[in-house]
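Take a moment with the sequence and the fold before reading on. The paragraphs below walk through them step by step.

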Amino acid sequence: MTEEAKIIEKRKIPSGTIMMFGFPDVGLVGVIAASHLIEELDLDEVAYLDSTLLPPIIVLHEGLPHSPIRVFGNDSVLLAVSETPLAADTIYPIMYALIDWGKSKNVKMMVSLSGIPLEERQDAKELKVFAAGSSPEMLKTIKDGGVEILSEGYMVGPQAIMLQRCSQLGVPAVTLLAQCFYNYPDPEAAAEVLKGLAGITGVKVDVAKLLEKGEEIRVKARDVMKRTQQEMSNMKKGQEYDIPMYVS
Amino acid sequence: MAIEKKKRSFIDVFDEYFDDMERELDRWRESFVEGPSWNLKASTMEPLKNMRVLPTEVVVTVDLPLTKESSLKVKALDQRTLEISAEMRRKMSFKELGVTHHKGEFQRFHAHMQVPVAVQMKKMKTKFKKGMLEIHLPRKQKR
């Protein structure tokens with residue numbers, strides 16, 4: 001953690017939790033899934049990110065200021081959520097601060113919830129969920145959880161840095177990616193990523209309400225999606241479509 | 001005082017060109033004042049939209065959640081401009097959208113789009129599924 005980005009705890013943080021991340025990205029999958037987890041698991045704000053790297057934004061809730069990046073939790077899970085897209089040049093320090101803090105709380109696993117764009121998403125009959133792990137052991141956990149491994153390709157954004165940092169630090173981690181729209185909020189994909197989460201971690205929530213409110217969520221998420229599109233373009237998110245050229 | 005003129009390499013010229021272009025783009029971006037994605041007077045919201053120019057066609061997608069398919073209108077205003085509007089199944093207030101310092105409600109989506117290449121507007125095809133509109137416009141082929 002640096003002076004530029006530090007985590008302020010609002011209450012005692014339990015040890016040995018599963019720490020999840022839901023950040024604005026393709027289809028807003030992570031943010032929509034995180035928002036549903038907060039509601040279904042009745043999570044409270046337990047910490048927040050204080051950072052001079054963020055734009056001068058506060059989020060007002062019931063008249064009081066909050067950081068746009070907060071950590072919610074209970075006795076068994078922590079969930080870091082951002083209500084604003086991260087600018088490309090702030091992803092490293094912000095993700096490092098969150099991950100280092102999570103490690104200091106002895107989290108047993110970190111899981112990023114996100115999406116992977118699907119070209120013909122509108123015609124897709126079912127949405128697949130893929131995952132990448134921080135170690136060979138985590139790949140086994142992914143397979144045992146019934147999720148397909150994303151074995152080759154590019155990953156761009158906070159979830160990519162989470163996986164890399166956790167791999168370096170020896171923290172077990174998984175990035176879960178549901179096939180989704182690139183440019184449009186995708187509650188159906190968020191429901192699929194939550195099913196994948198349940199398979200791998202045992203953190204289960206009912207997704208029926210999420211699907212029921214799907215169209216409403218799409219109306220409400222328009223502006224965040226629009227801003228996220230701008231940041232995705234800055235961080236060359238389109239590279240996830242690229243055919244990789246491996247140098248061995 | 002003799003001024004030594006440094007010879008510039010092709011890469012220097014190239015870099016300079018792109019730096020100039022970047023600065024121009026920044027100036028262009030800054031010239032836009034950000035506005036809201038809604039129009040209270042018309043009770044409309046601007047939908048999220050996207051356009052892909054493919055070799056044989058232009059594909060436009062528009063996210064129109066909570067809308068009635070029967071109210072959907074896609075008009076070609078001219079050879080390059082599309083106007084899209086759709087009525088929502090129910091009104092949505094600012095309060096429902098989590099905004100308490102504005103009053104009002106919305107009942108329609110409305111958008112304009114400029115197509116950057118020549119297309120055959122008369123051959124436009126549309127598809128609407130789960131609140132997502134897809135418009136296919138065949139491109140005019142050069143002879």
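In what order do the 5 strands of the open sheet in chain B lie? The model is predicted, and in it the order runs E1-E2-E7-E6-E5. The pairing is mixed. Two strands sit at the edges: strand E1 (38–39) and strand E5 (73–76) of chain B. Each of these pairs on one side only. Start at the E1 edge. There E1(B) meets strand E2 (residues 44–45) of chain B in the antiparallel sense, over 2 bridges. Within this pair, B:Asn39 stands opposite B:Thr44. In general, the strands of a sheet pair through backbone hydrogen bonds, and they do so either parallel or antiparallel.

Now turn to chain A and its strand E11 (residues 173–180). Is this strand enclosed or open to the outside? Of its 8 residues, 8 are buried, so E11(A) is largely enclosed by the rest of the structure. Its residues point two ways. A:Ala173, A:Thr175, A:Leu177 and A:Gln179 face one way, while A:Val174, A:Leu176, A:Ala178 and A:Cys180 face the other. All of them are buried.

E11(A) has strand partners as well. Strand E8 (residues 109–117) of chain A pairs with E11(A) in the parallel sense over 8 bridges. Here A:Pro117 stands opposite A:Cys180. Strand E9 (residues 129–133) of chain A pairs with E11(A) too, but in the antiparallel sense and over 5 bridges. In that pairing, A:Ala131 has A:Leu176 as its bridge partner.

Next comes a helix. Helix H1 (residues 29–41) of chain A has 13 residues. From first C-alpha to last, H1(A) reaches 18 Å, close to the 18 Å expected at 1.5 Å a residue. Its buried residues are A:Val29, A:Gly30, A:Val31, A:Ile32, A:Ala33, A:Ala34, A:Ser35, A:His36 and A:Leu37. Just after H1(A), A:Asp42 takes a positive phi of about 55 degrees.

Which residues touch the most other members of the largest nonpolar core? They are A:Val29, A:Met110, A:Leu113 and A:Val193, in a core of 79 residues. Beyond its neighbours within four places in sequence, its contacts include A:Val29, A:Gly30, A:Ala33 and A:Ala34. A:Leu176 is also among the contacts of A:Leu113, as are A:Val193 and A:Leu197. Another core lies apart from the largest one. It has 19 residues, among them A:Val219, B:Val62, B:Leu82 and B:Ile84.

The two chains also meet directly. In this contact, 13 residues of chain B touch 12 residues of chain A. On the chain B side, the residues divide into 6 nonpolar, 4 polar and 3 charged.

Finally, look at some exposed residues. A:Glu3 lies in the segment before strand E1 (5–9) of chain A. A:Glu3 counts as exposed because it has 8 other C-beta atoms within 10 Å, and exposure means 12 or fewer. From A:Glu3 to A:Leu41 is 38 residues in sequence and 32 Å in space, C-alpha to C-alpha.

A:Glu62 sits in the loop between strand E4 (59–61) and strand E5 (64–66) of chain A. A:Glu62 has a positive phi of about 50 degrees, although it is not a glycine. With 6 C-beta neighbours inside 10 Å, A:Glu62 is exposed. In chain B, B:Lys130 occupies the loop between strand E8 (125–129) and strand E9 (132–138). B:Lys130 is not a glycine either, yet has a positive phi of about 50 degrees. B:Lys130 is exposed, with 12 other C-beta atoms within 10 Å.

Note on methods:
Residues numbered from 1 in each chain as written. Chains lettered and ligands numbered in written order. Predicted model: local features only at pLDDT ≥ 70, side-chain atom pairs only at ≥ 80, totals over all residues. Contact = placed C-beta atoms within 7 Å. Nonpolar A, V, L, I, M, F, W, Y, C, P; charged D, E, K, R; others polar. Helix = DSSP H or I, 4+ residues; strand = E, 2+ residues; numbered from the N terminus. Buried ≥ 20, exposed ≤ 12 C-beta atoms within 10 Å, placed from the backbone. Pairing = 2+ DSSP bridges. Core = buried A, V, L, I, M, F, W, Y, C linked by C-beta atoms within 7 Å. Expected span 1.5 Å × (residues − 1).
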